[in-house]
Amino acid sequence: MDKLIKNYDSGDFFDELIEPSGSARPPAKQLLKYLDSLSAEELEKRRLTAEATVQEMGISFTVYTEEGNIDRAWPFDIIPRTIDAKDWAVTEAGLKQRLTALNRFIDDLYHDQNCIKDGIIPEHIIKDSKNFRPECVGVSPAFGVWAHICGTDLVRDHDGKFYVLEDNLRVPSGVSYMLENRAITKRVLPELFENDDIQPNGSYPAELFETLAALSPRKIDRPEIVVLTPGIYNSAYFEHAFLAQQMGVELVEGSDMFVGDDNCVYMKTIYGPERVDVIYRRIDDLFIDPEAFNPESVLGVPGLMRAWKAGNVALANAPGAGVADDKVVYAYVPALIRYYLNEEPILPNVETYLCEDPEQQAFVLANLDKLVVKPANESGGYGMLVGPHSTKKEQQTFAELIKANPRNYIAQPTLKLSTAPTLIGTGALEPRHLDLRPFILQSRNTYVTTGGLTRVAMKKGSLVVNSSQGGGSKDTWIVETKGE
């Protein structure tokens, strides 16, 4: 493998594929051996094949700008990321544990609030949460589960250990790109899939369908499930259409449905109204029902909350689940796991400073040049400060924001995010930082994707992996290393 990685140097960072000695990690041995057998011209040919495949399959995402919405082709790197199956088994157990505790927490908040009474989390954290919905108090969704689909962001620090960076419990996106990444890689590197060492990841649509079907208030063989989308201009519309098609269910907009006098939801069809049992909604809480929330919303269905509260339709994720999707609440998750499950957390959090605490705030303000500062409820990499890559002016701006609204900000150390070889130029591999978003489903059963969506910071030295901020992606392989 000397030819391919002879000048490769990940520095002080943990590299996913290559040991500090320069040899391949066990899960990556076959991959790197094969890639080393290809010429630079052949690698470039494979890269161009991937680009053409992305265009042919119509894999895109939308970036919102001041000039308007820009539809972009999915940025894809052909060198997969590999993870040992034994390591992944532990990670999978940790993800199941975490979502189970989070759902217990959400259910508790909308009922007895024992976690507050017992001093596990301060009451004002919930009272001040932008995502706590008083309209949901007393509602009991099936199985006590509020967050049915969760995307948990994991990072590996320089110690090689996975840490949870954040939990996405409102409307997590990205799973379609995980599946499409595998489809592209099978076209670009088909030879490597001839053995059974790489675990398949294609069962997600079927698992999602089963998760949703289990929520149906009507116990019928084939419940009516729909995917509710804001429409074609939404940044994740590709995913909405993809998942509806893969599950064999209808893709609908709010105007395609209505709530009847019987407080049931109906879909308009050419054969007349058809009752809907489960709605996988890809619309934020405040826009799903103009009767209950934003009266100006044209994206939702008037009366939808009435139907949900009456138990006549299931909503996934349930309204109000976002109360646990808060970077301040995140800091309390290890304690919540101990409280609800009486277990030690399998996956650790990243060390987190709460700016509402005067001592921690003072530390953050004195170290803005070293820390990453995030608002409690933003997503997509927006509104954050990456201290080492920031200017004095940006640090001053954030200092003022923190002082004005300390509850809304947390800070974390700048992690030494792991790297992986990425194809830059013709046949040249360079390290690029990455994270991982596996997806967890929960209703009657709990399921974790095999691997997840690996996002890559395509710019040299950058730690921002979000596609909306110039990041890319690569396939994630969970590899059996029997006999190693």
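This is a predicted model: local features need pLDDT of at least 70, side-chain atom pairs count only at pLDDT 80 or more; totals for chains, interfaces and linings use all residues.

Let me begin with helices α8 and α9. Helix α8 covers residues 204-213, and helix α9 covers residues 237-247. At what angle do α8 and α9 pack? The angle is about 80°, and the two axes lie 9 Å apart. Angles of 65 to 115 degrees count as roughly perpendicular, and α8 and α9 are therefore roughly perpendicular to each other. On the α8 side, the residues in contact are Y204, P205, L208, F209 and L212. Their partners in α9 are L243, Q246 and M247. Sorted by class, the contact of α8 with α9 contains seven nonpolar residues and one polar residue, with no charged residues.

Q361, V364 and L365 of α13 meet A399, I402 and K403 of α14. By class, this contact of α13 with α14 has four nonpolar residues, one polar and one charged.

How many aromatic pairs does the structure hold? There are twelve aromatic pairs, and one of them is formed by Y353 and F363. The ring centres of Y353 and F363 are 4.9 Å apart, with 40° between the planes, and the pair is classed as tilted.

I turn now to the cavity. The structure holds one cavity of 30 Å³ or more, and the largest cavity has about 40 Å³ of space. Which residues line the largest cavity? They are E166, D167, A324, D325, D326, K327 and Y330. Strand β5 (162-168) and helix α11 (327-330) each supply at least two residues of this lining. The lining divides into five charged and two nonpolar residues, with no polar ones.

Finally, two points in the backbone deserve a look. The peptide bond that joins A316 and N317 is cis, with omega at about -10°. N317 is placed in the loop between β12 (314-316) and α11; α11 is the helix that contributes to the cavity lining. The other point is Q113, a residue other than glycine, whose phi is positive, near 55°. Q113 sits in the loop between α4 (85-109) and α5 (114-117).

Thank you for your attention.

Conventions: Residues are numbered from 1 along each chain as its sequence is written. Side-chain values use heavy atoms; hydrogens and water are left out. Axes are lines fitted to C-alpha atoms, for helices over the stretch in contact, and angles run from 0 to 180 degrees between N-to-C directions. Helices (H or I, at least four residues) and strands (E, at least two) are DSSP runs, numbered from the N terminus. Angles under 35 degrees count as roughly parallel, over 145 as roughly antiparallel, 65 to 115 as roughly perpendicular and the rest as oblique. Contact means heavy atoms within 4.5 Å. Ala, Val, Leu, Ile, Met, Phe, Trp, Tyr, Cys and Pro count as nonpolar, Asp, Glu, Lys and Arg as charged, and the others, Gly among them, as polar. On a 1 Å grid over the protein atoms alone, a cavity is a set of points where a 1.4 Å probe fits but cannot get out, and a pocket is an open set with protein on both sides within 12 Å along at least five of seven lines; lining residues have an atom within 4 Å of a point. Grid points are joined across faces, edges and corners, and a volume is the space filled by probe spheres set on the points. Rings of Phe, Tyr and Trp (its six-membered ring) pair if their centres lie within 6.5 Å; planes under 30 degrees apart count as stacked, over 60 as edge-to-face and the rest as tilted.
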